[in-house]
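Hello,

Here is the structure you asked for, with the sequence alongside. My notes on what was found in it follow below.

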Amino acid sequence: MIQNSAATGDAFAADLLRGHTDTIVLGVLREHDSYGFEIYKHIRDATGGGYEIKEATLYASYRRLVRDGLAEAYWGDESQGGRRKYYRITDAGRAAFRQNVASWVATRTIIDSLLGSQAAPANTKGSLR
């Protein structure tokens with residue numbers, strides 16, 4: 001699924017990110033309607049090239065979001081080049097995005113509290129029991 005996870009460096013981080021593909025796409029669509037490759041480029045550029053999602057994974061996400069009513073698809077009316085299918089977030093998609101972000105923040109807080117003392121060994125000398 002993930003072509004380049006150099007920034008994250010391991011399969012564990014890739015698995016974490018993979019589970020949030022739909023939320024990541026909804027986050028891009030919150031900003032403006034986009035077509036498939038544009039969403040891919042946005043994700044790649046936003047991470048400085050450290051995270052890229054394969055096209056097949058993204059298109060599966062687009063289909064799932066449309067099927068679930070979280071996004072709508074429509075054809076653009078480009079005057080040059082090939083015809084593009086654009087995606088637009090729906091009100092249900094915005095609500096799902098907010099809920100997914102809240103869930104992520106709650107999960108991150110729990111994980112940080114559980115791993116925090118072990119994540120920074122230089123600062124924990126003598127504090128671990």
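**The nonpolar core**

The largest nonpolar core has 18 residues, and those touching the most other members are Val-25, Leu-26, Leu-29, Ile-39, Ile-43 and Leu-58. Two or more residues come from each of α2 (21–31), α3, α4, β5 (85–89) and α5 (91–119). The biggest share is that of α2, which gives four residues. Please keep in mind throughout that this is a predicted model.

Is Thr-23 buried or exposed? Its relative accessible area is 13%, and the cut-off for buried is under 20%, so Thr-23 counts as buried.

**Helices α3 and α4**

Helix α3 covers residues 36–46 and helix α4 residues 55–67; their axes come within 10 Å and cross at roughly 115°. The crossing of α3 past α4 is right-handed. On the α3 side the contact is made by Gly-36, Phe-37, Ile-39, Tyr-40 and Ile-43, and on the α4 side by Leu-58, Tyr-59 and Tyr-62. By type, the residues of this contact are seven nonpolar, one polar and no charged.

Which residues of α3 are buried? They are Gly-36, Ile-39, Tyr-40 and Ile-43. These residues sit on the same side of α3, because they cover an arc of only 100° around the axis. Just after α3, Gly-48 takes a positive phi of about 60°.

**The chain as a whole**

The protein chain has five helices and five strands. In sequence order they follow the pattern β-α-α-β-α-β-α-β-β-α. Of its 129 residues, 28% count as buried. Taking the contacts between residues at least 6 apart in sequence, 51% join residues at least 24 apart.

Regards

How values were computed
Residues numbered from 1 in each chain as written. Predicted model: local features only at pLDDT ≥ 70, side-chain atom pairs only at ≥ 80, totals over all residues. Heavy atoms only, no water. Axes fitted to C-alpha atoms, helices over the stretch in contact; angles between N-to-C directions. Left-handed = near helix turned anticlockwise from the far one by under 90°. Contact = heavy atoms within 4.5 Å. Nonpolar A, V, L, I, M, F, W, Y, C, P; charged D, E, K, R; others polar. Buried < 20%, exposed > 50% of the residue type's maximum accessible area, 1.4 Å probe, protein only. Arc of directions from axis to C-beta. Core = buried A, V, L, I, M, F, W, Y, C linked by side-chain atoms within 4.5 Å.
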